[in-house]
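Student: I'd like a close look at the aromatic side chains in this one, please. After that, could you set them in the wider picture?

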Amino acid sequence: MKGIIKTKREAKCVSLEDIEKPKLENSHEVMVQIHSAAICGSDLHAYEYIASYQNFMRVPVVLGHECSGVVVEIGSAVTEFKIGDRVMGESNVYCGKCRNCRTGNTHVCENNLMRGLTTDGVMREYVPFLEQNLHHVPDNLSFNEAAAAQAATVSVHGVLRRFNINAGSIVVVTGVGIIGLVAAQLAKLCGATNVIVAGTDADMETRIPIAQGFGFQTLNCQKEPISEFLSNLTSCNKADYVLECSGASSAINAIPTYLRKGGEVLLLGLPGKAVSFPFADVIRSEINIRTTYTSTWQDYEDTLRLLSNNNISISPTLKEYSLDNVREAFEAGLNKEALKPVFKFL
Ligand SMILES: [Zn+2]
Ligand SMILES: [Zn+2]
């Protein structure tokens, strides 16, 4: 069978290879024939082979952690899934035994494996999953949407579980990837009256028009500081909340210039390198900072329901690629031509 492999410990070096078809290894496993697998920011980092991934990731490894497909085989102890079911899989493999797992916090499992980085991922024709890591896909969602729904679960976990946005508030979202665009939609669902999505020069071609299509106010913060943009809004001059989805040092450092004193920040974006932070300003303004990382079973279930019910949408962000265009898809993701590239396996 075919799989998309990071072949060498060098930049790029990702290709479609012939690999061995996996077998079910225990009675709780389900074999999924993959229909769609989406490229995430972490896959792009693995493709580029940036410094913070060099010791962290295994090579060679099958890339990817966002997928959907159909059940083709089940272990004897599987009860929740049957052959033919449409499913999507979780990104992390948790141990189920550590303190965090036992208290429902599987997303911060102490022995967490990340598919596509520290263990073989999902960009291959067949992937075995424990049934506890799978979710049924609602009929009205496409396989492409179901694969990319994994990214949306990160925003759902952050905005709905780890944060508390009051109705009537002003929210700034920095970063215009799928996590930022879903976080922005969730802020609206929470009743925010102004949701402002801030991007940079590189976002202007593809990503900002998609954000505008969702109805958000947008700006290029390389051209206009967010503080200036907000002071020109008649209804306010500071933000109540920031959803930081870029991981960029410049975006993180600018937060105290436009967040009101006592405001709150949720950090969803994972910086690729060390970031300095103006802690003196943050402390003097008594700014609250929260972090969020990946998602739990409940977040997946809720995300699929929110998508199915059209409370949130990700379809405008998706761009499909065939397996003949592996390199093109990664390059398009990297240079921000495609917001969410998705490989069609079947
Ligand atoms: Zn992802
Ligand atoms: Zn654990």
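Tutor: Let's start with accessibility: a residue counts as buried under 20% relative accessible area, exposed over 50% and partly exposed in between, using a 1.4 Å probe on protein chains only. Tyr53, at 10%, is buried.

The model is predicted, so local features need pLDDT of at least 70 and side-chain atom pairs count only at pLDDT 80 or more, while totals for chains, interfaces and linings use all residues. Residues are numbered from 1 along each chain as its sequence is written, chains are lettered from A and ligands numbered from 1 in the order in which they are written, and side-chain values use heavy atoms, leaving out hydrogens and water.

Now the rings. Phe, Tyr and Trp rings (for Trp, the six-membered one) pair if their centres lie within 6.5 Å; planes under 30 degrees apart make a stacked pair, over 60 an edge-to-face one, and the rest are tilted. That rule gives six aromatic pairs. One of them joins Tyr53 and Phe56: the centres are 6.0 Å apart and the planes stand at 90°, so this pair is edge-to-face. Phe214 and Phe216 come out as tilted, because their planes make an angle of 40°, with 6.3 Å between the centres. Within that pair, Phe214 is partly exposed at 22%, whereas Phe216 is buried at 7%. There is also an aromatic cluster, made up of Tyr47, Phe330 and Phe343.

Rings can also have a charge over them, which here requires NZ of Lys or CZ of Arg within 6 Å of the ring centre and within 35 degrees of the ring normal. Lys21 does this over the face of Tyr126, 4.2 Å from the ring centre. Arg86 has its charged end over the ring of Phe143, at 4.6 Å from the centre.

For the wider picture, look at the metals. Donors are N, O and S atoms within 2.8 Å of the metal (3.2 Å for Na, K and Ca), and sites may look incomplete since water is not among the atoms. The zinc ion (ligand 2) is held by the SG atoms of Cys95, Cys98, Cys101 and Cys109, at 2.3 to 2.4 Å, and these donor residues follow the spacing C-x2-C-x2-C-x7-C. Cys101 is buried at 9%, but Cys95 is partly exposed at 28%. The other zinc ion (ligand 1) has Cys40 (SG), His65 (NE2), Glu66 (OE) and Gln150 (OE1) as protein donors, 2.1 to 2.5 Å away. Both His65 and Gln150 are buried.

The C-alpha atoms fill a box of roughly 60 × 40 × 35 Å along the principal axes. With contact meaning heavy atoms within 4.5 Å, residues 24 or more positions apart make up 68% of the contacts with a separation of 6 or more.
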